[in-house]
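Hi,

Here is the structure I promised to pass on. Have a look at it first, and then read my notes below.

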Amino acid sequence: MGYNFIEFKNVSFRYGENMPWVLENVSFQIKSDEWIAIIGHNGSGKSTIAKLMNGLLSPQKGTILIDGMEVNEDTIWEIRKKIGMVFQNPDNQFVGTTVQDDVAFGMENRGVPRQEMLKRLEDSLSAVGMQDYELREPHRLSGGQKQRVAIAGVLAISPQAIILDEATAMLDPNGRKEIMDTIRSVKKKHPLSLITITHDLNEVTLVDRVIVMNKGKVWLEASPRQVFSRKKELLEIGLDIPFIAKLAGHLSQQGMPLKNEPLSHEELLEELWTYHSKM
C-alpha cells in the first residue's frame, strides 16, 4: 500500500466571511496508489474539496498536505505539477486547434523537451484510445471522445494524482461507460492516486474506498460494499443507490438473504446461483 499522498487536517472553508461553512473540520488521507470516490448530495462540499486539493481555493482553517508539502502561495505551482484535474465540461479545457496541440499544451507550459513531448503525446493518446485522432479538431469530437482527450492532456504532464470532478456528468450512459473503462485502464497502467468526485453511484462500485460527505462533514469512510449496505441511511442523506443494490435489498426483503452486498450484475448472479444451489 502506498503512503499518504493527500492529507486534509481539520480543514474548514466558506465562500465569504458571513457565509455558512461549506466544509467544517474535514480530515482524511488518500494513499499514493489509491482510487477514491468522494460522493454526497449537491452542496455537501465534494467539489470544493477538489478545488482545495490543487490550490484553486485556500482553506480558512486547517492544513492540506500534498506529497508532504503544505498547500500555500509558495508551493502552489509545485503542487499543480503533481495533480491533474479533469472537469465536468471538457470544452472548458480545450486550448489547441487539434487534439495533438491540446494534449501538448500542458507539456509546453512545463518546458518538456520536444522528444520527450512526442513520446508522452503518443503514450497518453494511446492510453485513452485516441491515437487515431491526433489531427482532429476537438469541437468535432463526441462528448466521450472530448473527455478522453482531456484525460490524455492530464496524463501527458505525468501527475501523481488525477482528480475527476463530475467528469461524466454531461455524458449519456454509453459515454459514461466509455470514460470509466478508460479510467480503469489508466489506473492499471499508471501507479497514481485517482480521486473521482461524482453523484453517479454506479461509478463508485469500481473504487477502493469511498468518502461520503454530508452537510460539509465526512459522514462515512468505507469500501463501496460497506457504503451500499447502508441503503436506508444513504437515502436519508439525499443519495440514491445503484440499481443492483436496490434489487439485492428487495430480494433480501422477500426472504432471499444474500451473503455479500453485490456491486455488479455478475456478483448478483453469483449470489443468486449460490443461494439456489443450497436449496
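Y15 counts as partly exposed, with a relative accessibility of 47%. F13, in contrast, is buried, at 5% relative accessible area, since the cut-off for buried is under 20%. Keep in mind that this is a predicted model.

Now for the rings. A pair of aromatic rings is described by the distance of the centres and the angle of the planes. The count here comes to 3 aromatic pairs. In one of them, F8 and F28 have ring centres 4.6 Å apart and planes at 15 degrees, so this pair is stacked. F8 belongs to strand β1 (residues 4–13) and F28 to strand β2 (residues 23–31), so the pair ties together parts that are 20 residues apart in sequence. F8 and F28 are both buried. F13 and Y15 also form an aromatic pair, an edge-to-face one, with 4.7 Å from centre to centre and 85 degrees between the planes.

What about the strands? β1 and β2 pair in the antiparallel sense, over 6 bridges, and E7 stands opposite Q29 in β2. They are part of an open sheet of 4 strands, in the order β2-β1-β4-β5, with antiparallel pairing. At the edges are β2 and β5 (69–70), each pairing on one side only. Helix α1 (residues 46–53) packs on this sheet and touches β1, β2 and β4 (61–66). The direction of α1 makes about 120 degrees with that of β1.

Two arginines are worth a click too. R80 lies over the face of W77, 5.0 Å from the ring centre, and R230 lies over the face of W219, at 5.3 Å.

Cheers

Terms used. Residues are numbered from 1 along each chain as its sequence is written. This is a predicted model: local features need pLDDT of at least 70, side-chain atom pairs count only at pLDDT 80 or more; totals for chains, interfaces and linings use all residues. Side-chain values use heavy atoms; hydrogens and water are left out. Rings of Phe, Tyr and Trp (its six-membered ring) pair if their centres lie within 6.5 Å; planes under 30 degrees apart count as stacked, over 60 as edge-to-face and the rest as tilted. Helices (H or I, at least four residues) and strands (E, at least two) are DSSP runs, numbered from the N terminus. Buried means under 20% relative accessible area, exposed over 50%, partly exposed in between (1.4 Å probe, protein chains only). A charge sits over a ring if NZ of Lys or CZ of Arg is within 6 Å of the ring centre and within 35 degrees of the ring normal. Two strands pair if DSSP finds at least two bridges between them. Contact means heavy atoms within 4.5 Å. Axes are lines fitted to C-alpha atoms, for helices over the stretch in contact, and angles run from 0 to 180 degrees between N-to-C directions.
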